[in-house]
Amino acid sequence: MLYTIPDYYRQFHCVAGACEDTCCAGWQIVADKSALRQYKKVTGEYRKEIRAGVDWKEGAFRQDEEKRCYFLNEDNLCNMYTALGEKALCKTCKRYPRHIEEFEGVREMTLSVSCPEVAKILLQRKEPVQLLIHEDEKEECWDDAFDPFLYSLLADARTMMIQILQNRELSLNLRTGLVLAIAHDLQIRIQKQEIFDGEMVLEKYRTEKAMDYIKGQIAKLYTEEEKHRFYEFMTETFRDQYRLERLRDNWEPHLLEAEQWLYGKGEAHYYELRNAFEGWMAEKMPEFEIQKEQLLVYFLSTYLCGAVYDGHAYSKAQMAVVSVLLMQEILMAQWIKNEKELYFEDLVDTVYRFSRELEHSDPNLNLMERLMSERPVPWFAKKAAEE
Ligand code: SF4
């Protein structure tokens, strides 16, 4: 069995009660069967608490009106942990913020940026992230539906995309354009079931000719017509966020306020703000380019290979790009609200809250992916129409 982890994986430590938020509120924590069996056997003083806090029918912990876990106390510490020790925690609580994706013979483990401490580790990091691999003797049995050839193609594509994203000699726009172009062309091969031609797509994007083509396409994005298309794409994509299931009640008011700051006075005003924001960021927070790169690598490395199960490689790549674009928009709104000032804390706050809403709900991830295929970024919509 192969295991992959990002090289910052072991840097993470939960700060528990000192955390600026908590991972024990906002979503229902489902306990695994083995933990539920243990809870039934608890005796002594804590037995009554366990009986009250576990919803046996749902196999989950009860929540209060603010969606806080029954066992979470006022100091944001877990009462069950205090009373019964770490062993008593269910798998979900023990694992978080570790995220696991399983493939045939491969287990990919990442840390979710929905935890503010993970977001800080990733956003403070300057060096490109490496995926570390190690192997053990364990064998896993898989059903025949798993396509090892498609997985291998996706894994190669992901490696190449990450190398491109980490090539800091190229502009981030060009790197992102290349990644989307690779995903777009791969998608065509997947749809036509021409998996063995997928490697040719990767070869194509190693050439100067492909690079020049993408550069040419990106240069065209600055025409008035393309800017208008991008504005429409961005406003619609932003409003799509209201269609997602809400995990925290305070997220929607945050989005509504941001929408007003960003798009409330129309397109010309939006571009005025955007130019000023980009100028400010380049001068005061130049590391933002690296932070966006790290986030793109994070989303791609977490989700792209999942296309082995549904064939949706392009929408997963676009979801990575759009997630970073949306975080940037929300951050820009925060900058306007802060009277043209921004702090590292704003960045952490935006990243972990956005990630929570999107990544901790399967319906949200599914809807977001569907929206990505229905509304490709404007340049790719045009490219697809021309093909
Ligand atoms: S969100 Fe992260 S740091 Fe905060 S309590 Fe949960 S695991 Fe610990």
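**Reading the model**

Guide: Ile218 has its place in helix 9 (residues 208-220). Helices (H or I, at least four residues) and strands (E, at least two) are DSSP runs, numbered from the N terminus. This is a predicted model, in which local features need pLDDT of at least 70, side-chain atom pairs count only at pLDDT 80 or more, and totals for chains, interfaces and linings use all residues. Residues are numbered from 1 along each chain as its sequence is written, and side-chain values use heavy atoms, with hydrogens and water left out.

Visitor: Is Ile218 buried or exposed?

Guide: Buried means under 20% relative accessible area, exposed over 50%, and partly exposed in between (1.4 Å probe, protein chains only). Ile218 is buried because its relative accessible area is 11%.

Visitor: Which residues is Ile218 in contact with, leaving aside its neighbours within four places in sequence?

Guide: Contact means heavy atoms within 4.5 Å. On that basis, and with those neighbours left aside, Ile218 is in contact with Asn173, Leu174 and Gly177. Ile218 and Leu174 are 44 residues apart in sequence, while their C-alpha atoms are 7.0 Å apart in space.

Visitor: How is Leu165 to be read, as buried or exposed?

Guide: Leu165 belongs to helix 6 (residues 148-165) and is buried, at a relative accessible area of 1%. Neighbours within four places in sequence aside, Leu165 is in contact with Arg175, Val179, Glu293, Leu296, Val297 and Leu300. Of these contacts, take Leu296: 131 residues separate Leu165 and Leu296 in sequence, and 7.7 Å separates them in space, C-alpha to C-alpha.

Visitor: What does Lys292 touch, not counting residues up to four places away in sequence?

Guide: Lys292, in helix 13 (residues 288-303), touches Leu172, Val324 and Gln328 when residues up to four places away in sequence are not counted. Lys292 counts as buried because its relative accessibility is 13%.

Visitor: Where is Gln334 found, and what does Gln334 touch?

Guide: Gln334 is found in helix 15 (residues 313-337). With residues up to four places away in sequence not counted, Gln334 touches His254, Glu341, Leu342 and Asp346. At 15% relative accessibility, Gln334 counts as buried.

Visitor: At what angle do the axes of helix 10 and helix 12 cross?

Guide: Axes are lines fitted to C-alpha atoms, for helices over the stretch in contact, and angles run from 0 to 180 degrees between N-to-C directions. The axes of helix 10 (residues 224-240) and helix 12 (residues 266-284) cross at roughly 95 degrees and come within 11 Å. The two helices are therefore roughly perpendicular to each other; angles under 35 degrees count as roughly parallel, over 145 as roughly antiparallel, 65 to 115 as roughly perpendicular and the rest as oblique.

Visitor: Which residues meet between helix 10 and helix 12?

Guide: Helix 10 contributes Lys227, His228, Phe230, Tyr231 and Met234, which meet Gly266, Glu267, Tyr270, Tyr271 and Arg274 in helix 12. By class, this contact has five nonpolar, two polar and three charged residues. Ala, Val, Leu, Ile, Met, Phe, Trp, Tyr, Cys and Pro count as nonpolar, Asp, Glu, Lys and Arg as charged, and the others, Gly among them, as polar.

Visitor: How many disulfides does a search of the whole structure find?

Guide: A disulfide is a pair of cysteine sulfur atoms within 2.5 Å. The search finds zero disulfides. Cys305 is buried, with 1% relative accessible area, whereas Cys23 counts as partly exposed at 27% relative accessibility.
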